[in-house]
Amino acid sequence: MNDIVVKDLYKSYNTGTEELTILSGVNLEIEQNTRVILTGNSGCGKSTLLNLISGMDSFSKGEIFVDGHIINNLTESELSSYRAKSIGLIFQFHYLLKDFTALENVMLPAFMTGKDRNIATEKAKDLLVEIGLEDRLDHMPSQLSGGERQRIAVVRSLINDPGIILADEPTGNLDENNSRKVEDLLFELVKNHGKTLLLVTHDSALARRGDRHIEIHEGKLQEI
Ligand SMILES: Nc1ncnc2c1ncn2[C@@H]1O[C@H](COP(=O)(O)OP(=O)(O)OP(=O)(O)O)[C@@H](O)[C@H]1O
Ligand SMILES: [Mg+2]
């Protein structure tokens, strides 16, 4: 089964003076449990494509299906439920909330979906144990290293058990050593938990680790 299907997708921005076309006829089919790496020059539309698939931005033309359901015409509340349940997001910056512990940060997305607090706590603990941070549950983000913060952001994306993980330069802020650690962890988690991964990177070593490598060039996708 295909987890993500994008058909003839167009995205333009109106800058006030001109119509800037970023994606012009993007087609993409990603099967379940596949790891796809997306690369391309800065400004080519990688983050834009991820934002469209996660329903954070609207598009001019085309169709996006996730898990067989079209997301084009969802209402705002349907979109936020879709984002919370079906998609796990990881960014270059960790976006951990500074006044919450590591454990609470991992649990936060579970509250959006109304999950039982005890179940969420257990699941968040399990995930932190799985990545070797069982001794850091009660640490605040300021008491964690950069690599630890990003590993926590990675497991936070799994708390609601989404089928799809969208990662936008997840190692972009880390040094070489921490990048490899976060990468290894992400690939291992995606494999162990049976997720579909769409990951954007500028790192050529990471770009080779997927099942597929796709590049955006002049508004269209090319399989590498
Ligand atoms: N809200 C906006 N209004 C106008 N133009 C925008 C807007 N958001 C993005 N753009 C433009 O769309 C293009 C694609 O942006 P996007 O963030 O998708 O690039 P990217 O491929 O992720 O680049 P990078 O590798 O630098 O992160 C850029 O040229 C950007 O300037
Ligand atoms: Mg980007």
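Begin by selecting helix H1 (residues 46-53), which contributes 3 residues, the largest share, to the shell around ligand 1; helices here are DSSP runs of H or I with at least four residues, strands are runs of E with at least two, and both are numbered from the N terminus. The model is a predicted one, in which local features need pLDDT of at least 70 and side-chain atom pairs count only at pLDDT 80 or more, while totals for chains, interfaces and linings use all residues. Residues are numbered from 1 along each chain as its sequence is written, chains are lettered from A and ligands numbered from 1 in the order in which they are written, and side-chain values use heavy atoms, with hydrogens and water left out.

**Around ligand 1**

Next, select the whole shell, which consists of Tyr 13, Ile 22, Asn 41, Ser 42, Gly 43, Cys 44, Gly 45, Lys 46, Ser 47, Thr 48, Glu 169 and His 202; a residue belongs here if one of its heavy atoms lies within 4 Å of the ligand. Sorted by class, the shell has 3 nonpolar, 7 polar and 2 charged residues, where Ala, Val, Leu, Ile, Met, Phe, Trp, Tyr, Cys and Pro count as nonpolar, Asp, Glu, Lys and Arg as charged, and the others, Gly among them, as polar.

Now show the side chains of Lys 46 and Ser 47: an N or O atom in the Lys 46 side chain is 2.7 Å from an oxygen atom of ligand 1, and a polar side-chain atom of Ser 47 lies 2.8 Å from an oxygen atom of the ligand. At Cys 44, display the backbone, where a polar atom is 3.3 Å from an oxygen atom of ligand 1. On its own, ligand 1 has 640 Å² of accessible area, and the protein covers 61% of it, as computed by the Shrake-Rupley method with a 1.4 Å probe.

Stay with Glu 169, which lies in the loop between strand E7 (164-168) and helix H6 (176-192). This residue is buried, with a relative accessible area of 18%; buried means under 20%, exposed over 50%, and partly exposed in between, with a 1.4 Å probe and protein chains only. Its backbone deserves a look as well, for Glu 169 has a positive phi of about 50° although it is not a glycine. Most residues other than glycine have a negative phi.

Glu 218 counts as exposed, at 69% relative accessibility.

**The aromatic cluster**

Select Phe 91, Phe 93 and Tyr 95, which form one aromatic cluster. A search of the whole structure finds 2 aromatic pairs, a pair being rings of Phe, Tyr or Trp (its six-membered ring) with centres within 6.5 Å, called stacked if the planes are under 30 degrees apart, edge-to-face if over 60, and tilted otherwise. The rings of Phe 91 and Tyr 95 have centres 5.6 Å apart and planes at 85°, so this pair is edge-to-face. The rings of Phe 93 and Tyr 95, with centres 4.9 Å apart and planes at 85°, are edge-to-face as well. Phe 91 is partly exposed at 27%, as are Phe 93 at 40% and Tyr 95 at 48%.

Finally, select His 94, in the loop between strand E6 (87-90) and helix H3 (102-112), which counts as buried at 14% relative accessibility.

Terms used
Polar contact = N/O pair within 3.5 Å; in protein donor to acceptor, adjacent residues only side chain to side chain.
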